[in-house]
Each structure stands twice: as C-alpha cells, then as structure tokens.
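Visitor: Please take me through one part of this model in close detail. Pick a single residue and its surroundings.

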Amino acid sequence: MRTTTLGTTEVRVTELSFGAAGIGNLFRPVTDEAAFAAVEAAWDAGVRTFDTAPHYGLGLSERRLGAALRDRDRDTYTVSTKVGRLLEPNPEGGRGDDLAHGFAVPGTHRRVWDFSRDGVLRSLEGSLDRLGLDRVDIALLHDPDHHAEQALTEAYPALERLRGEGVVKAIGIGVNQCALPARFLRETDIDVVLLAGRYTLLEQEGLAEVLPEAAARGRRVIVGGVFNSGLLTDPKPGAMYDYAPAPVDVLDRALRMKAVTERHGVPLRAAALRFPFGHPAVASVLSGARSAEEVRDTVDQLRRTMPAAVWDGLRAEGLLPPHVPVPAATPVEETDRPKGESWG
C-alpha cells in the first residue's frame, strides 16, 4: 500500500488510514473481539496509519486501538489522536449513556472543551495512558470551530513546542469545515489537515481554499468522510448525509452517480474512495470500520481498477464539475505495501 510523507516531517501515512471511531462504539456497540479483528484486518491489508481521539467512545477507541497494536513494532505504524476535549469523571456518577454524543458507551465521563496549553498537555497525557504508548505521531486540534482564537493562540503554540521537542512528530487540525483549516494553513506551520466530508464526490468545497493552500505550502491533507455519512455507500431513501437523512435532491444526485459508476462496472463506494486522490495535496483517505469484513471490503474497493470512463461519465452527466481533478486510471498495486524496515 502506497505511503506519503507529511510535509517536512518524517511521518508517513498509508494511502488508506484506519478510522477508529467505529471501534469506540459509534452509534452501536462493538465487541472487543470485533474491534481487535478490524484492526488486525487493516494491518494484514497493509494499513499502517490509525486515527483515534478521546472523544470516540469516551476513550474506548483509544484503549482498544492501543491494545490491538501493543505487540507491533512501534516504528512500523503511525498513530494520530486529537486534543481539545478533556475527559472528566461524570459528576452524576456515570448513570445513563453517551448516545447523545453518538457513542453507545456508559456515561462515565463528560467532555470538557479545552484548547489551553494545559489542556493540550493533559489531553495528550490521557491519550498516551489509554493507548498504552510512549508517543503519538500526529496530534490534531479537534473541531475547534467555536474556540478558534484559543486554538490559534494557546493550543497551536503548545503543539508547535511539543513538535519541536520531539514529543509529537506532526501537528495539524481535524474539522468538518473549510474556513478554519484554510486559516491555519495561512497563519501557522501545521503539517496536515484532516478534512472530513468536504472533499467528496458529492461536494468539493475543500477545493476552493484548503487543498490549494496545502499544495502551495507543501502540506498534506487526509480526507475523511468520503461517503458523506454513508450516502455514497448505498444511496436509498432514508440514507444519511452529514449525520442527517439525505435531502431529496442530494439523494437523487447520489443515485445518478451510482447509475454512472455501475454502468462501467464500478461500485459507487469504490469511486468515492478513489476520488480524493485526484488532488496532489491528498495523502490518505481515512475510512472508519467496526469489523474485519468492513475493512476487507474497503480495501477491495480501493484496489479496484478505475477506468477513466467513470470520471468522464460523471462529467458528461453534469455530476462532476469539469475543473475538479480526478485520479489517474490506475489500480493500487499490492506490491506497494510498505515494508516494516522503511518506517523511521
């Protein structure tokens, strides 16, 4: 599986990154055994980049990911986690669950927004403890939408100092919007942007500022949410789009896309996974999974041959603007799988 280095750092990411929100019981419970099997399947497929956060399952995602990776050579994989939400014991004693925040876990803790210097240090310390690791490779500011100034003036300098000290190797921001990461690219020295849901087959808002800014500054983008909450995996009435039922016009567009890709023998989800790599700033696609079966399907779809006729057909139908870059019509080769000794 192909790898890319993030900016001027030594951090390498695989073309496919494993998103660990699912194994943090996103929306529904996952057993420890299923979570472990999902990580194992990703590893067997050549995935060496794993993304998590304290937010995911109130730390459950970090604990499970750390346990699944514990016996692996630490220099052979990349772990990304996030700062901005501290986990504190629930004053109500853990009654109830966390489904209001999307995770099927007991409500033992509560999230407290904190983008201060101390908050960054405490967050990373807690993450390392839950992961059972001595370091993380990438630290991302997590959804600082309503805390932009504190994130810029307090959290970012703290991450920059940690990077300078070698505590983390790369720093960046992970968001679902475009204005803030574009600002960070212009005003700071971040290495990477994790952009969720804003550069997909359905919408290319990221092409206006974020991707050009990253490319111009030699920075990289990891694209998450390529299925737009699942709509591009199986568009049908009731399918979700950006965490809500898909509007009729958006569903219709997705169904038309599906008709075009399947006309050329390509599942829509395969085209959705491959699409972001048309832009040179994109280093990896982040896809979540909660089972080994989901991982294997994702890898199979990413490795499909993608005829140029797929992109031509989408453009001909007015479903993909002519100025949007598309990937070369080549499959991912199994021989591109990274070797353990090539990771530093």
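**A threonine and its contacts**

Guide: The side chains of Thr 200 and Asn 228 are joined by a polar contact of 2.7 Å. A polar contact is a pair of N or O atoms within 3.5 Å; within protein, one must be able to donate a hydrogen and the other to accept it, and residues adjacent in sequence count only if both atoms are side-chain atoms. This is a predicted model, where local features need pLDDT of at least 70, side-chain atom pairs count only at pLDDT 80 or more, and totals for chains, interfaces and linings use all residues. Residues are numbered from 1 along each chain as its sequence is written, and side-chain values use heavy atoms, with hydrogens and water left out.

Where does Thr 200 sit? Thr 200 is in the loop between strand 12 (192–196) and helix 6 (210–216). Helices (H or I, at least four residues) and strands (E, at least two) are DSSP runs, numbered from the N terminus.

Thr 200 has a relative accessible area of 1% and is therefore buried (under 20% relative accessible area, with a 1.4 Å probe, protein chains only).

A polar atom of the Thr 200 side chain also lies 3.1 Å from the backbone nitrogen of Leu 202.

Now set aside neighbours within four places in sequence. Thr 200 is then in contact (heavy atoms within 4.5 Å) with Gly 225, Val 226, Asn 228 and Phe 275.

Terms used:
Buried < 20%, exposed > 50% of the residue type's maximum accessible area, 1.4 Å probe, protein only.
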